[in-house]
Amino acid sequence: MCSIIMDKDGDFQVSNFKNSLGYYYFRKVGPGKLEYKICNQIIQKPHQNIVKFYIVNSISLDMEILQTPISINGESQALKLITDMIGARNYLLENGIVYVDWKLDNIGWSETDNVFKLFDFDLAGTFDSKTNKWIDEPDKLFAYKNAMENDIFDPVGVDSFNFNIMVNELLIEH
Ligand SMILES: Nc1ncnc2c1ncn2[C@@H]1O[C@H](COP(=O)(O)OP(=O)(O)O)[C@@H](O)[C@H]1O
Ligand SMILES: [Mg+2]
């Protein structure tokens, strides 16, 4: 085992260091301002279907190493992934966070906990759950852009639109 460091350009380096808790870690260097803010919120209130953050600051995010990329074999694994991600999504929405960028690339498998976990909050935002209005709006790229092209602009709508695409693809393929 080793720790993995991903720099701002997406290049990877490995190291033998463990963190102060004695774990190897995945380090994402140079998080966006909003990504850092959201991860800082999550580290204070973790969830079993979201990657476990060890240390979060504006320079880098240190988290548990997950198995990526995942490959889904069969219906029961697809259903497990969907169930786990419904858990992650409900938790995030209850805590004012809109994930938006739902895709298998951003989900890993935890061998220790036997669950799928979500990571990469680069394109997530925050919202007011009473009014369904954006507080911190993420960059209007990819998933968000795709929702807007379908006349969906509100936080929960944008999130649902992309979550449903991921779920539908999984159900069709398995
Ligand atoms: N905690 C992790 N454990 C293992 N691999 C990870 C982890 N976080 C990210 N990765 C790997 O790095 C890639 C890019 O990380 P990600 O946070 O998704 O950044 P980007 O914003 O570039 O998509 C992921 O697709 C995955 O392969
Ligand atoms: Mg990603």
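This is a predicted model: local features need pLDDT of at least 70, side-chain atom pairs count only at pLDDT 80 or more; totals for chains, interfaces and linings use all residues.
View 1. Helices (H or I, at least four residues) and strands (E, at least two) are DSSP runs, numbered from the N terminus. The peptide bond that leads from Thr68 into Pro69 is cis, with omega near -10°. Most peptide bonds, by contrast, are trans. Gly74 also belongs to the loop that links strand E5 (60-63) and helix H2 (75-94). Is Gly74 buried or exposed? Gly74 counts as exposed, because it has 9 C-beta neighbours inside 10 Å. The cut-offs here are 20 or more other C-beta atoms within 10 Å for buried, 12 or fewer for exposed, and anything in between for partly exposed, with C-beta atoms placed from the backbone. From Gly74 to Asn162 the sequence separation is 88 residues, and the C-alpha to C-alpha distance is 22 Å.

**View 2. The surroundings of ligand 1.** Look here for the 16 residues that surround ligand 1, the closest being Phe26, Leu66, Thr68, Asp120 and Asp122. A residue is near a molecule or strand if its C-beta atom, placed from the backbone, lies within 6 Å of it. The shell is made of eight nonpolar, four polar and four charged residues. In this sorting, Ala, Val, Leu, Ile, Met, Phe, Trp, Tyr, Cys and Pro count as nonpolar, Asp, Glu, Lys and Arg as charged, and the others, Gly among them, as polar. Ligand 1 lies between domain 1 (3-63) and domain 2 (75-173), because both give residues to its shell.

View 3. The protein chain is divided into domain 1 (3-63) and domain 2 (75-173), with bounds that come from an automatic or database domain assignment. Their C-alpha centres lie 20 Å apart. Across the boundary, 14 residues of domain 1 are in contact with 21 residues of domain 2, where contact means C-beta atoms, placed from the backbone, within 7 Å. Helix H1 (residues 33-44) supplies six residues, the largest share of the side of domain 1 that touches domain 2. That side of domain 1 divides into six nonpolar, five polar and three charged residues.

**View 4. A three-stranded open sheet.** The strands run in the order E6-E9-E10, with antiparallel pairing. Strand E6 (97-98) and strand E10 (133-136) stand at the edges with a single partner strand each, so one side of each has no neighbour in the sheet. Two strands pair if DSSP finds at least two bridges between them. E6 and strand E9 (residues 125-128) are joined by two bridges in the antiparallel sense: Val98 has Gly125 as its bridge partner in E9, and Ile97 has Thr126. E9 and E10 pair over three bridges, again in the antiparallel sense, and Lys133 in E10 is the bridge partner of Asp128. The hairpin of E9 and E10 has four residues between the strands, and Asn132 takes a positive phi near 55° there.

**View 5. The largest nonpolar core.** Of its 33 residues, Val98, Tyr99, Val100, Leu118 and Ala124 touch the most other members. Such a core is a set of buried Ala, Val, Leu, Ile, Met, Phe, Trp, Tyr and Cys residues joined through C-beta atoms within 7 Å. H2 gives the most to this core, with four residues, and at least three residues come from each of domain 1 (3-63) and domain 2 (75-173). Leaving aside neighbours within four places in sequence, the contacts of Val98 include Ala124, Phe127, Pro155 and Val158.

**View 6. Two loop residues with positive phi.** Val100, in the loop between E6 and E7, has a positive phi near 70°. Val100 counts as buried because it has 25 C-beta neighbours inside 10 Å. Asn114, in the loop between E7 and E8, has a positive phi near 55°. Asn114 counts as exposed, because it has 9 C-beta neighbours inside 10 Å. Most residues other than glycine have a negative phi.

Definitions and conventions. Residues are numbered from 1 along each chain as its sequence is written. Chains are lettered from A and ligands numbered from 1 in the order in which they are written. Two residues are in contact if their C-beta atoms, placed from the backbone, lie within 7 Å.
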